[in-house]
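Subject: Structure handover

Hello,

Here is the structure for you to look over. My notes on it follow below.

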Amino acid sequence: MSELTKIVLSERDMPTHWYNLNADLGAAGVELPPPLHPGTGQPLGPDDLAPLFPMALIAQEVSTERYIEIPEEVQEIYKLWRPTPLYRARRWEKALDTPARIYYKYEGVSPAGSHKPNTAVPQAYYNMKEGVKRLTTETGAGQWGSALSFACQMFGIECKVYMVKISYEQKPYRKILMQTWGATVVPSPSDQTNAGRAILAADPNSTGSLGIAISEAVEEAATRDDTKYALGSVLNHVLLHQTVIGQEVIKQLEVAGADWPDVVVACTGGGSNFGGFAFPFLRENITAGKQTRIVAVEPAAAPSLTRGVYAYDFGDTASLTPLIKMHTLGHDFVPAPIHAGGLRYHGMSAQVSALKEAGLIEAVNVRQRAIFEAALSFTRAEGILPAPEPSHAIWGAMQEALACKESGQAKTIVFNLCGHGHFDLSSYDAFLNGRLEDYDYPEEAIQESLKRLPQLSG
Ligand SMILES: *Cc1c(COP(=O)(O)O)cnc(C)c1O
């Protein structure tokens with residue numbers, strides 16, 4: 001029998017439950033510090049989150065149930081693109097001249113072109129079930145905004161997206177995609193919220209940041225009864241929804257007759273594609289004695305996991321969100337405009353941060369020219385054009401494959417190709433024409449921002 005190149009599951013093999021890592025953290029000796037109220041510094045209760053999120057999602061946020069059933073209506077929509085394919089990167093292995101076996105999970109087949117609809121759909125669903133009429137959110141380059149616009153359209157909910165201004169102006173196509181799916185898109189900072197007006201008063205030319213856009217979206221949801229807020233990464237329930245990815249990969253590797261992976265690699269912005277892909281493998285490390293190395297790759301221009309401190313910080317610039325213990329560059333972090341690789345958030349998922357602290361996962365950062373070089377090497381062999389974000393994972397997998405070439409070991413490497421790059425061609429253009437410069441986020445800037453971390457008594 002010839003070996004499979006593309007491993008596809010049928011709809012009937014789609015996971016029916018999400019996997020909740022919180023159920024197994026205790027067995028791994030990892031403690032997850034609770035989120036704190038931004039005003040009092042006390043642990044948050046469900047009522048504190050009720051203005052922003054529906055009760056079903058708040059319950060998932062704190063659940064320790066190992067498996068949570070995926071509602072029928074959500075499964076029906078997942079079936080528009082799930083299960084997603086797993087590929088053996090045979091041609092790329094040859095190009096790299098490595099004895100390693102490389103597999104990649106491809107989430108770019110979703111309507112929005114990334115993994116983000118995996119959580120956008122259940123989030124819109126639970127809001128609809130609880131009678132919510134409008135959702136607000138923020139988006140950077142537009143991946144999350146387009147996923148939520150699509151999901152809201154599926155359930156007849158209005159969607160308003162605060163889009164980081166520099167992307168709104170420089171990357172119009174995802175804005176148009178959001179509008180095509182019926183959303184309203186506003187460049188942030190805007191004059192529609194107190195948070196936005198305050199930023200504009202201080203700096204009328206502000207190009208915006210994810211932290212600022214979150215402040216605007218949260219403020220609008222908190223001050224309107226018919227409106228709630230949706231976040232595309234970082235929170236436990238978001239990573240939970242993404243675990244359909246890793247669960248499918250485990251089944252697909254079995255179908256392929258592959259060895260259990262020696263190493264799995266994913267990129268990290270807020271941690272959602274990484275968590276969704278890697279947590280089912282981590283479960284096997286914790287509960288079944290497997291020893292897969294789990295590697296997170298992030299940009300040198302926004303290195304929260306590798307160079308940030310592990311501390312309580314706000315999720316947004318205007319200090320409106322709960323405090324989360326996470327690896328942070330400081331909540332007023334603004335990424336350098338020359339950074340084209342995505343993954344621009346100042347913080348990191350509490351779960352991913354705690355795992356890093358406990359030594360259960362590894363993290364590395366990489367400069368942007370290297371990730372585009374890796375992306376070219378990959379796309380010229382495999383054809384699929386990766387977004388800059390998963391190109392960090394491609395780079396990580398490539399380092400592992402080249403190490404195998406040195407050592408002669410035929411390791412099994414699996415990475416998450418979490419989105420296509422069809423809307424990122426201007427960044428490829430900059431790289432191909434030598435206009436892309438490397439950039440390390442300066443240590444002084446990190447130290448400056450960290451001075452403004454919230455001071456907690458006790
Ligand atoms: C949003 C996004 C990311 C970063 O977010 P995570 O929560 O870290 O996954 C990475 N890749 C793609 C394609 C995205 O759309």
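The structure holds four cavities of 30 Å³ or more. A cavity here is a set of points, on a 1 Å grid over the protein atoms alone, where a 1.4 Å probe fits but cannot get out; grid points are joined across faces, edges and corners, and a volume is the space filled by probe spheres set on them. The largest cavity has about 530 Å³ of space. It is lined by 32 residues, with K116, L210, S233, G270 and L343 the closest to its centre (lining residues have an atom within 4 Å of a point).

This is a predicted model, in which local features need pLDDT of at least 70 and side-chain atom pairs count only at pLDDT 80 or more, while totals for chains, interfaces and linings use all residues. Residues are numbered from 1 along each chain as its sequence is written, and side-chain values use heavy atoms, without hydrogens and water.

The ligand sits in the largest cavity, meaning that more than half of its atoms lie within 2 Å of the grid points. Domain 1 (6–15 + 82–113 + 243–450) and domain 2 (19–32 + 54–68 + 115–236) both contribute to the shell around the ligand, so the ligand lies between them; the bounds come from an automatic or database domain assignment.

An oxygen atom of the ligand is 2.7 Å from a backbone N or O atom of G269. For a polar side-chain atom of H115, the distance to a ligand oxygen is 3.1 Å.

Regards

Methods: A polar contact is a pair of N or O atoms within 3.5 Å; within protein, one must be able to donate a hydrogen and the other to accept it, and residues adjacent in sequence count only if both atoms are side-chain atoms. On a 1 Å grid over the protein atoms alone, a cavity is a set of points where a 1.4 Å probe fits but cannot get out, and a pocket is an open set with protein on both sides within 12 Å along at least five of seven lines; lining residues have an atom within 4 Å of a point.
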